[in-house]
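Please have a look at the sequence and the coordinates before reading on.

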Amino acid sequence: MGWDVEIGDADNDGKNEILTAGCPDSRLYLLKSAPEGWQTRLLAENLAQRQPGMGLAVRVVDLNRDGTNEVVLGTGQEADETAFFYVLQTDGAKVTKKLECRPEENKSAYTHSFGFADLDKDGVIEVLSAYCGHGEIMRYDVDSGLTQIQARKIHQFSGSGEESILADVDNDGQTEYIAANCFRKEQAKIEIFEFDDKGELALPARVIIEGMPGRPCFYASCIVGDLDNDGKNELVAGWKREQTVNRSTLLAYRIGKTAEIAYTLEPDTEDLDMGYFEKMMAVADADNDGKNELAISTRGDNASENITSQHLGNVFLYRVSGKGEIQRTKLADFNEAHAESSWLAVGDADNDGKNEVVLATGKGDRTKPGASYVVVLKQVGR
């Protein structure tokens, strides 16, 4: 089963590739566009160091800003044990350098996302992640020579960490930390933190969105981007009220001193299946019209969550017009026999100068072997 997908120049050849990680054998694959077609290369396997296990989050970033990209990967441990954090380098055929970390302060098994920023202004990018399970927020510092990783817990959530973003969400010119604190009955929150002058997390959170107005929630996930193309970022949040009821709501907020709802993209719908959106949303120019949209995929692997799913396999594109009107386009509707879920990325995957929507699919029980696919959607929304 595919579980995350990333577009970036992982092998530093000046061209983008697709990276995807999944389960149950926690493999990392690189897919490269070539004149004769797409080439697939297995870079690593058993990264969870136990089977079944998950390659759960993967990103491409130049951590030490030396002009060479690294691959940052986090695992999901199906046993009750701590997730691994990796920094890798690759030549496109194999892993050429590997650093790993399994911090004692972290008791959680699932890596759900990463935020990247040079918080302490030392020229090296730090990584923050809020963990699924017990809710530790971990900070990872890598030295400029990429020889060691220092990890420390900087905060503890009351629930499970389901998202981590470092971005200027309130458009004040400073980076904030945005994370979802949820997976607890009627206790889901999105919390927004500032940083002090030393780059340390300022507690408590400055803004907390506690579910939808008048409706406490079980789950939330979020993304930051300029959804309405006004030059300012919005926070897009997916909310799910009850764990076992597959209805969800998409809201876009403007963040200032408080969070104000700017757009209701999708009110209380079943079309988004299980209503989990972590690593399944992107604000980007998916249709190459020069404007951003929200791309979102759906999840239907109910076997792992012990709840009901319609296995819709939908992928949607949401546009916000200059008048604030919402338009939804269905980009994909997977055949349930082949895919129940997909995770997405938007970018120029084949280096043709235009963006594509790339999907890594999943189906069935994630702890057992099966078939998954990488699907590239071109000229979407036309």
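The text below goes through a sheet, a set of salt bridges and the nonpolar cores.

This is a predicted model, in which local features need pLDDT of at least 70 and side-chain atom pairs count only at pLDDT 80 or more, while totals for chains, interfaces and linings use all residues. Residues are numbered from 1 along each chain as its sequence is written, and side-chain values use heavy atoms, with hydrogens and water left out.

## An open sheet

Strands here are DSSP runs of E with at least two residues, numbered from the N terminus. Two strands count as paired if DSSP finds at least two bridges between them. With those terms in hand, 4 strands make an open sheet in the order S18-S19-S20-S21, with antiparallel pairing. The edges are taken by S18 (219-225) and S21 (259-269); each has a single partner strand, so one side of each is left without a neighbour in the sheet. From one strand to the next, the twist averages 20°, with axes being lines fitted to C-alpha atoms and angles running from 0 to 180 degrees between N-to-C directions.

S18 and S19 (residues 234-240) run antiparallel and are joined by 7 bridges. Within this pairing, Tyr219 stands opposite Lys240 in S19.

## Salt bridges

Side chains of opposite charge can pair when their charged atoms come close. A salt bridge is taken here as a side-chain nitrogen of Lys or Arg within 4 Å of a carboxyl oxygen of Asp or Glu. By that rule the structure holds 30 salt bridges. The table shows some of them.

| Asp120 | Arg139 | 3.4 Å |

Asp120 forms its salt bridge with Arg139. Asp120 lies in the loop between S10 (115-117) and S11 (126-132) and Arg139 in S12, so the pair ties together parts that are 19 residues apart in sequence. Asp120 is partly exposed at 28%, whereas Arg139 is buried at 3%.

Asp170 is buried, at 13% relative accessibility, and Arg206 is partly exposed, at 33%.

Arg328 is partly exposed at 35%, and Asp271 is partly exposed at 30%. Salt bridges with shared partners join Asp120, Arg139, Asp141, Arg152 and Glu200 into one network.

Asp141, a member of that network, is found in S12 (residues 136-142). Asp141 is buried, with a relative accessible area of 16%. Its side chain makes a polar contact with the side chain of Arg139 at 2.8 Å. A polar contact is a pair of N or O atoms within 3.5 Å; within protein, one must be able to donate a hydrogen and the other to accept it, and residues adjacent in sequence count only if both atoms are side-chain atoms. Leaving aside residues up to four places away in sequence, Asp141 touches Asp120, Glu126, Gln148, Ile149 and Gln150, where contact means heavy atoms within 4.5 Å.

## The nonpolar cores

In soluble globular proteins, nonpolar side chains tend to be buried together. A nonpolar core is a set of buried Ala, Val, Leu, Ile, Met, Phe, Trp, Tyr and Cys residues joined through side-chain atoms within 4.5 Å. The largest has 27 residues, and those with the most contacts inside it are Ile178, Ile190, Ile209, Leu235, Trp239 and Tyr253. The elements giving two or more residues to this core are S14, S15, S16 (189-195), S17, S18, S19 and S20 (248-255). S18 gives the most, with 4 residues. Apart from this core lies another of 18 residues, among them Ala83, Phe85, Cys101 and Val142.

Where does Leu235 sit? Leu235 is part of S19 and is buried, at 0% relative accessibility. Residues touched by Leu235, beyond those up to four places away in sequence, include Ile178, Ile190, Ile209 and Tyr253. Cys222 is also touched by Leu235; the C-alpha atoms of these two residues, 13 residues apart along the chain, are separated by 6.8 Å.

Conventions:
Buried means under 20% relative accessible area, exposed over 50%, partly exposed in between (1.4 Å probe, protein chains only).
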